[in-house]
Amino acid sequence: MKVNDINKLKATAAKCRQNVLRMIKANGSGHLGPAYSCIDIVTALYFYGMNVDPQDPSKADRDIFLLSAGHKGMAQYAVLAEAGFFDKSILDTFGQFKSRVPGHPDMHKLPGIEANTGSLGHGLNLACGIALGKRQDGYGSKVFVITGDGELAEGSNWEAAAIAAHYKLDNLVVFVDHNGLQISGQTKDVMSFEPIASHFAGFGWATKEIRGNDMDEIVAAIDQLPFEKGKPNLIVANTIKGCGFSKAENQVNYHYWNPSEADMALAEKELEDYLAGVQA
Amino acid sequence: MNDIKKLALEIRIEALKMMNHYGFGHVGGVLSVADAIAVLYGKQMKYDPKNPKWDGRDYLVLSKGHCGPALYSALAIKGFFPREELLTMNKLGTRLPSHVDKNKTPGIDMTAGSLGQGVSCALGIALGLKLQKKDNMVYAIIGDGEAQEGQVWETLMIAPNKGVKNFIVMLDNNKQQLDDFTDNISPLRDMRQKAEDFGWFAVTVDGHDVEAINNAIELCKASGKPGFINLNTIKGKGWPAKEAISNNHAFRGPAFAGVDEVINNLQKELEALN
Amino acid sequence: MKYEMMDAKKIIGETTAEEADLNPNICVVSTDSAPRTGMGKFIEKYPNRYYEVGIMEQAAIGVSAGLAVTGKVPVFCAPAPFVTARPFEMFKIDVGYMHQNVKVIGRNCGFNYSDLGPTHYGLEDIALVRLIPDVVILAPIDASQLRGAMKAMLRYEGPVYLRIGTAPIPKIFNDDEFEIGKGIVVREGKDVAIITTGEISVNVFEAADKLAAAGIDAMVIAMPTIAPIDEEIIVKAAELTGKIVTVEEHFEVGGLGSAVSEVCAKSFQVPVKRIGVPQTYLSSGPYEDLVDYCKLSVEGITETVLEFVAK
């Protein structure tokens with residue numbers, strides 16, 4: 001991919017981060033850390049890697065994205081809004097009663113949301129079902145999933161891992177947002193299962209490891225899909241939680257952020273400065 | 001080793017008798033796990049039949065709880081309760097239900113039946129013992145069909161992180177489950193490798209070679225990590241006509257035809273070892 | 001009364017295959033629970049619409065929901081406790097909350113697996129699924145209703161849970177007419193109304209005859225849909241008889257009895273006697289012994305109703 005196209009993607013990711021801040025401002029708080037860590041991947045998928053049409057969100061041959069780690073929902077809302085699936089004004093209702101952008105995504109409320117995630121460990125099995133259904137109908141649809149790393153402790157993920165390999169779902173692509181932090185602290189202190197890739201390899205997956213906030217590496221990984229014919233794809237994306245706001249980077253207490261006015265202003269300024277620099 | 005081989009034969013004989021008497025039993029899996037249980041109760045485990053809750057004992061969780069008869073036979077042979085009681089299995093009011101129940105049977109450490117649950121409980125026991133700074137061993141036996149349950153992988157994931165050294169999971173890998181061969185349903189692939197990837201000390205052995213099983217346990221104990229033993233077994237081992245054929249998961253009524261001859265042959269093998 | 005006894009698993013499998021001929025979207029998901037348990041015909045005919053995942057119920061529900069997202073109509077059939085209690089959260093969220101067109105069949109419900117003990121009994125499945133909003137719950141009374149319920153379920157748009165014991169079940173009704181949400185007055189009466197569900201109902205029909213001989217004129221209502229429940233028929237029965245008895249092979253709390261009690265409490269209060277399984281961990285044993293113990297036998301039901309009416 002050409003350098004200035006990569007720059008465009010980087011700029012789009014920054015604009016999506018602005019959308020995240022817009023939602024947190026509207027609600028007063030939100031999962032900043034998780035949304036920021038995966039938003040580069042989500043941007044790359046919707047603006048580069050996926051065959052989707054904002055004007056026809058349910059077209060039969062579309063690629064599908066599932067945010068298994070549903071608490072990162074703002075990342076998806078931000079990107080869908082930026083891509084034109086719905087009007088940005090809806091973002092201002094984040095967190096309100098009966099909002100179309102609730103705390104965790106709802107497929108019956110917003111175009112572009114394929115499933116109601118939020119409880120960890122559901123996304124991979126849903127994705128397997130979708131991949132199987134699309135294949136049965138003869139579509140080449142790819143199914144992309146983002147999971148958290150702490151989320152992988154849920155046994156249901158390993159059930160899905162076995163299914164995906166057995167059914168040779170090489171149209172299934174899972175990004176593990178490996179940011180090393182969960183609510184109780186560093187993942188490696190709560191529950192360590194490093195290296196993640198080899199766990200999946202043993203189940204029969206093809207794996208790759210990338211820096212999850214590096215747009216070049218994300219795009220390169222997407223370009224190499226499927227990594228091995230007949231094998232589901234796992235990408236361990238080493239991310240920085242809160243990447244995009246210097247104060248939040250790798251800080252456990254920005255997992256769920258209750259911003260002061262000053263903090264929010266700082267976060268906004270960093271993005272404005274970044275955008276000015278990238279476009280230059 | 002001779003004693004263990006004899007115990008394994010006796011376990012098979014008693015288990016077949018009790019299942020045949022009741023007219024129903026999970027014959028395939030009971031027979032495939034008999035040798036592992038013989039090694040545990042014949043050599044490895046510390047226990048007191050007169051005091052099943054002795055706090056110095058080692059623990060066994062038969063997570064594949066439907067194979068209760070194999071364990072009951074071992075317990076009866078070792079004196080936890082009279083052998084005659086084996087024939088009461090599943091009768092109303094029995095202390096021996098078809099799936100192991102810790103509140104009913106002396107010597108049973110955990111209730112099981114819904115696959116995948118027992119092994120998590122076993123880890124809990126191991127963690128509790130660690131907290132009390134005790135070095136009793138905790139063993140869990142799972143089936144290969146059972147290993148499809150995500151809950152098993154939760155246990156496999158967490159145990160190495162919690163420093164439980166006195167914990168050994170044995171997989172009765174008899175290649176079949178209820179409806180078909182495991183490989184046709186959801187292949188487990190290389191379980192030894194996967195367990196190792198998840199942080200365990202993992203070995204594969206012939207699940208019917210009692211010496212090899214015993215050595216594997218010793219290696220696990222010496223490793224300083226939780227141990228995983230992948231037992232290569234044959235479902236129905238000990239009943240030649242039923243070994244590894246399809247549909248040998250559970251027998252009812254007429255399926256037991258020929259069992260008397262099998263028991264006789266096992267009896268003869270036992271006598272030959274004496 | 002001698003009824004023809006039929007193989008429920010076969011009916012499940014046959015109806016699924018027949019409906020699958022008409023609807024190319026129907027597919028089957030199995031947790032090592034299908035080929036030898038009725039679905040053989042479907043698997044033979046439509047191997048590419050059959051998804052065996054192994055012993056993983058949470059995955060099975062999730063995968064079913066995912067298939068439904070792509071427009072398929074998945075049928076997931078396995079023993080009742082393992083499709084309800086075990087993957088409850090997946091049922092609640094992936095199927096209920098997302099309102100997916102998934103059909104879950106809990107077979108071998110009640111004490112069907114009488115040999116296998118409490119881990120394999122399905123005594124709380126109706127109660128659990130009642131707590132998931134918008135899921136239709138069916139418990140057909142006999143072999144004909146099973147066929148009818150299967151068809152209705154597969155043609156209905158939305159999540160459905162169907163529970164059935166799979167030992168041979170009687171064929172009582174002549175045709176397989178089945179309307180979701182409707183109770184059926186099987187016997188008119190004025191002294192007491194017995195509302196029953198599932199294949200244990202055959203004991204109720206016999207008990208009604210015994211009650212008649214003892215001078216008690218019992219109305220009998222078959223209630224094969226537990227959610228949404230037929231409130232109208234319950235209220236009418238309460239108004240007419242003033243006394244209701246419910247019968248189910250399920251805990252006496254949480255299932256049909258509770259659903260009927262809730263309707264009465266809301267709309268027309270009458271005494272309701274719930275006959276079901278006491279909330280305890282019952283030992284394994286022969287099926288008949290367990291049924292006797294819970295007073296779900298013909299004698300048990302007759303005795304209980306006589307006592308209740310006499311009060």
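Trainee: How many residues does the contact take from chain B, against those from chain C?
Mentor: This is a predicted model: local features need pLDDT of at least 70, side-chain atom pairs count only at pLDDT 80 or more, and totals for chains, interfaces and linings use all residues. Residues are numbered from 1 along each chain as its sequence is written, while chains are lettered from A and ligands numbered from 1 in the order in which they are written. Two residues are in contact if their C-beta atoms, placed from the backbone, lie within 7 Å. Chain C supplies 21 residues, and chain B supplies 24.

Trainee: Which class, nonpolar, polar or charged, leads on the side of chain B that touches chain C?
Mentor: Ala, Val, Leu, Ile, Met, Phe, Trp, Tyr, Cys and Pro count as nonpolar, Asp, Glu, Lys and Arg as charged, and the others, Gly among them, as polar. This side has six nonpolar and six charged residues. The remaining 12 are polar.

Trainee: Now chain A against chain C. Which element gives the largest share of the side of chain A?
Mentor: The contact takes 22 residues from chain A and 24 from chain C. Helix H4 (123-136) and helix H5 (155-166) of chain A each supply at least two residues of that side; helices (H or I, at least four residues) and strands (E, at least two) are DSSP runs, numbered from the N terminus. The largest share, 10 residues, comes from H4(A).

Trainee: How many charged residues are on the side of chain A that touches chain C?
Mentor: That side has 10 nonpolar residues and eight polar ones. The charged residues number four.

Trainee: What radius of gyration does chain A have?
Mentor: The radius is taken over C-alpha atoms, and the globule rule is 2.2 Å times the number of residues to the power 0.38. For 280 residues, a compact globule would come near 19 Å. Chain A agrees, with 18 Å.

Trainee: What share of the residues in chain A is buried?
Mentor: A residue is buried if 20 or more other C-beta atoms lie within 10 Å of its own, exposed if 12 or fewer, and partly exposed in between, with C-beta atoms placed from the backbone. Chain A has nine helices and seven strands. Of its 280 residues, the buried share is 55%.

Trainee: How many helices and strands does chain C have?
Mentor: Chain C has 311 residues, 62% of them buried. Its C-alpha atoms fill a box of roughly 60 × 40 × 35 Å along the principal axes. The secondary structure comes to 12 helices and 14 strands.

Trainee: How far apart are the C-alpha centres of the two domains of chain C?
Mentor: Chain C is divided into domain 1 (4-171) and domain 2 (184-310), bounds that come from an automatic or database domain assignment. In the contact between them, 26 residues of domain 1 meet 27 of domain 2. The side of domain 1 has 17 nonpolar, five polar and four charged residues. The two centres lie apart by 25 Å.

Trainee: Is helix H7 of chain C largely enclosed or largely open?
Mentor: H7(C), residues 143-155, reaches 19 Å from its first C-alpha to its last, close to the expected 18 Å; the expected span is 1.5 Å times one less than the number of residues. Its buried residues include Leu146(C), Arg147(C) and Met150(C). Because 11 of the 13 residues are buried, H7(C) is largely enclosed.

Trainee: In which strand is Val29(C)?
Mentor: Val29(C) is buried, with 28 other C-beta atoms within 10 Å. Among the residues that it touches, leaving out those up to four places away in sequence, are Tyr51(C), Val53(C) and Phe76(C). Val29(C) and Gly189(C) lie 44 Å apart, C-alpha to C-alpha. The strand that holds Val29(C), residues 26-30 of chain C, is E2.

Trainee: How many residues does the largest nonpolar core have?
Mentor: A nonpolar core is a set of buried Ala, Val, Leu, Ile, Met, Phe, Trp, Tyr and Cys residues joined through C-beta atoms within 7 Å. Those with the most contacts inside this one are Val20(A), Ile39(A), Cys128(A), Ile37(B) and Ile194(C). The core's residue count is 281.

Trainee: Which domains of chain C give at least three residues each to this core?
Mentor: In soluble globular proteins, nonpolar side chains tend to be buried together. Here the core draws at least three residues from each of domain 1 and domain 2.
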